[in-house]
Amino acid sequence: MSNNFSAADISPLWTSYQYDTVSKCGLHFFLNHVDDPDIKQILEQTLTLVEEHIEHIKELFHRANHPLPHAFTTEDVNVQAPRLFSDQLYLKYVYNMTDFMMNSYGLGLTVSDREDVISYYSTNIEAANKLNKQAKKLEKQKGLYIGSPQIPKQTKIEFVNKQNFINGWIGERRPLLGVEITNLVFHAKRNAIGHALITGFSQVAASKEVRKFFERGRDISGKHFEIFTSILHEEFLSESALLLTSEVTDSTVAPFSDRLMMTFVSNLIASSMGQYGIALSSSPRHDLSVHYSRLIAEVGKYANEGNKILINNGWLEQPPMAADRRDLAK
């Protein structure tokens, strides 16, 4: 086995290290402001898992003689800042975080070449899955979990024979498929969490430019939440999601650096674009595909604005990239 990383090895590892160091800073702050002992315990478990991931990645980088990213450190968090989010939001963050972990680790496992990297992601998926189950169970115990709407049990096997299966804006429109309902609920919940987190960030960011960027993100996520829940409402289905803005305190003291918060929101944006793409591919009804296409374009534009801020402030760490052969030839 070559000692060097392939592009498929280094890219997911580099991204994981960035995200894990962001999460470590956030969890340290959360643990300094948590009252519920059960939620404190799951935050501690999550922090332990994240720290194990960081150390494992460091070992892999050392083994390949590859420089470690700068990422994020204790300089990016002020654990003594006043509480910004409630215990309830901490728990929902952990559940959402483990979902993100399983998706990103699954991709890393699929594309990686080196056996030690493949082993790393295999182990991580199992640990993230276990934590995800614990977070969901705790949400249910606390009465915080909202399940998806019920749909009728199929009584016979049928095949589609009408064009209204794909109609959306014009003509007779069929009821939502189970997979379409699942996507709408999933994205409503994700936007509710994103809306709350970005609302908090907009209150504490030091830079006026960054605050305005977060305010725009707050408005976008709020609008997307309304779109998803309104479609469910129109179909006489439970919306299965609530806005979580009330779980944000009125603090204006920053617990995190602007660079960390901008990077975190950039990760949210990237994840949203990918998940909207999956929903688009599995939603045959035309009105839904139009919604997802439009929202992807809107989020993409917002992501571009965020990248400009990161680059202009010297906050965007250079990801691993191919050699510039044209420049070398000069």
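How much space lies in the largest cavity? About 240 Å³.

1. Basis. This is a predicted model, in which local features need pLDDT of at least 70 and side-chain atom pairs count only at pLDDT 80 or more, while totals for chains, interfaces and linings use all residues. Residues are numbered from 1 along each chain as its sequence is written, and side-chain values use heavy atoms, with hydrogens and water left out.

2. Cavities. The whole structure holds 3 cavities of 30 Å³ or more. A cavity is a set of points, on a 1 Å grid over the protein atoms alone, where a 1.4 Å probe fits but cannot get out. Volume is the space filled by probe spheres set on the points, with grid points joined across faces, edges and corners.

3. Lining. In the largest cavity, 18 residues form the lining; lining residues have an atom within 4 Å of a point. Asn191, Ile198, Ser221, Leu268 and Ser272 lie nearest the centre. By class, the lining has 8 nonpolar, 9 polar and 1 charged residues. Nonpolar covers Ala, Val, Leu, Ile, Met, Phe, Trp, Tyr, Cys and Pro; charged covers Asp, Glu, Lys and Arg; the others, Gly among them, are polar.

4. Helices around the cavity. At least two lining residues come from each of helix 5 (178–204), helix 6 (208–234), helix 7 (258–281) and helix 8 (286–312). Helix 5 gives the most, with 6 residues. Helices are DSSP runs (H or I, at least four residues), numbered from the N terminus.

5. Helix 1 with helix 4. Helix 1 (residues 7–31) packs on helix 4 (residues 115–141) at about 40°, axes 11 Å apart. Axes are lines fitted to C-alpha atoms over the stretch in contact, and angles run from 0 to 180 degrees between N-to-C directions. The pair is therefore oblique: angles under 35 degrees count as roughly parallel, over 145 as roughly antiparallel, 65 to 115 as roughly perpendicular and the rest as oblique. Helix 1 contributes Asp9, Pro12, Leu13, Ser16 and Asp20 to the contact, and helix 4 contributes Val117, Tyr120 and Tyr121. Contact means heavy atoms within 4.5 Å. These residues divide into 5 nonpolar, 1 polar and 2 charged.

6. Helix 1 with helix 2. The axes of helix 1 and helix 2 (residues 37–63) come within 9 Å and cross at roughly 145°. Their contact has 14 nonpolar, 6 polar and 6 charged residues.

7. Helix 3 with helix 4. Helix 3 (residues 87–111) meets helix 4 at about 155°, with axes 8 Å apart. The two are therefore roughly antiparallel. Their contact has 14 nonpolar, 7 polar and 4 charged residues.

Notes
1 Å grid on protein atoms, 1.4 Å probe; cavity = no way out; pocket = protein on both sides within 12 Å on 5 of 7 lines; lining within 4 Å.
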